[in-house]
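Dear colleague,

Here is the structure I said I would pass on. My notes follow below it.

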Amino acid sequence: MRLNFNINSEIKELELKSNETLLDVLRNNSYNEVKCGCNEGECGACLVLLDDKPVNSCQVLAMSVRDKEVKTVKGIGTLFSPHIIQKTFAQAGADQCGFCSPGMVIASYSLLKENPNPSYEDIVEGLDGNLCRCTGYVKIIEAVEKSAELINKKN
Ligand code: FES
Ligand code: FES
């Protein structure tokens with residue numbers, strides 16, 4: 001079947017099967033910035049925003065999102081026009097292999113929107129659903145702290 005999806009503020013008519021997840025549909029249509037880690041809702045690599053709420057796209061039936069707005073990490077900022085969080089992650093060395101980074105950035109974006117002045121504990125809790133095998137989390141947490149500071153300065 002074919003359905004319209006609103007992805008990164010563009011309406012796209014995409015082909016899908018009734019049992020496919022949002023992650024399947026995104027990756028089958030070249031939204032490769034959304035990563036598939038565990039495919040079981042445990043790692044956060046596939047995190048996207050659905051009507052501005054973070055969800056693991058591997059746990060969402062694609063058919064169920066047709067009236068909702070999907071945002072991947074590229075909907076937050078791009079290589080040529082990065083969001084402060086993306087810039088800060090790069091500057092802080094918060095991404096090594098980069099596999100977890102799209103999900104980490106989405107989780108951080110969502111956390112800072114809800115809580116512009118998070119404590120260390122708030123950040124740890126906010127990123128709780130996102131696994132990273134490379135960084136030991138220290139630089140990621142520093143990047144979120146720095147992002148909060150820069151976003152608050154800008155506002
Ligand atoms: S791939 Fe979806 S949570 Fe791991
Ligand atoms: S940077 Fe490699 S998994 Fe996080």
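Predicted model: local features only at pLDDT ≥ 70, side-chain atom pairs only at ≥ 80, totals over all residues.

Helix α6

Helix α6 covers residues 138-154, 17 residues in total. From its first C-alpha to its last it reaches 24 Å, close to the 24 Å expected at 1.5 Å a residue. Its buried residues are Ile140, Ile141, Ala143, Val144, Ser147, Ala148 and Ile151. Viewed down the axis of α6, these buried residues fall within an arc of 155°, so they line one face of the helix. The face turned away from that buried side carries the exposed residues Val138 and Lys153. For Lys153 the relative accessible area is 61%.

One joins Glu149 to Lys146, with N and O 3.4 Å apart. The other joins Glu149 to Lys153, where the closest N and O atoms are 4.0 Å apart. That second distance sits at the cut-off, since a salt bridge is counted within 4 Å. Lys146 and Glu149 are three residues apart in the helix, about one turn, and Glu149 and Lys153 are four residues apart, again about one turn. An α-helix has 3.6 residues a turn, so residues three or four places apart point the same way. Glu149 is partly exposed at 39% relative accessible area, and Lys146 is partly exposed at 37%, whereas Lys153 is exposed.

The sheet

The model has an open sheet of five strands in the order β2-β1-β5-β3-β4, with mixed pairing. β2 and β4 stand at its edges with a single partner strand each, so one side of each is left without a neighbour in the sheet. Neighbouring strands are turned by 40° against each other on average, direction ignored.

At one end of that order, β1 (residues 2-7) and β2 (residues 10-15) run antiparallel and are joined by six bridges. Leu3 stands opposite Leu14 in β2. At the other end, β3 and β4 are also antiparallel, joined by four bridges, and here Leu49 stands opposite Pro54 in β4. Helix α4 (residues 101-114) lies across β3, β4 and β5 (69-71) and runs at about 40° to β3.

Positive phi in the turns

Most residues other than glycine have a negative phi. β1 and β2 form a hairpin with two residues between them, and Asn8 in the turn has a positive phi of about 50°. Ser9 is found in the loop between β1 and β2, and its phi is also positive, near 70°. Ser9 is exposed, with a relative accessible area of 58%. Asp51 lies in the loop between β3 (47-50) and β4 (53-56). Asp51 is not a glycine, yet it has a positive phi of about 45°. At a relative accessible area of 41%, Asp51 is partly exposed.

Salt bridges

The count for the model comes to six salt bridges. Glu15 lies in strand β2 and Arg2 in strand β1, so the pair ties together parts that are 13 residues apart in sequence. Glu15 is partly exposed at 45% relative accessibility, and Arg2 is partly exposed at 47%. Arg2 and Glu15 also belong to a network of salt bridges that includes Glu13.

In the first, look down the axis of α6 to see how its buried residues line one face of the helix, with Val138 and Lys153 on the face turned away. In the second, look at the hairpin of β1 and β2, where the network of Arg2, Glu13 and Glu15 can be picked out.

Regards

Terms used
Residues numbered from 1 in each chain as written. Chains lettered and ligands numbered in written order. Heavy atoms only, no water. Pairing = 2+ DSSP bridges. Buried < 20%, exposed > 50% of the residue type's maximum accessible area, 1.4 Å probe, protein only. Axes fitted to C-alpha atoms, helices over the stretch in contact; angles between N-to-C directions. Contact = heavy atoms within 4.5 Å. Expected span 1.5 Å × (residues − 1). Arc of directions from axis to C-beta. Salt bridge = Lys/Arg side-chain N within 4 Å of Asp/Glu carboxyl O.
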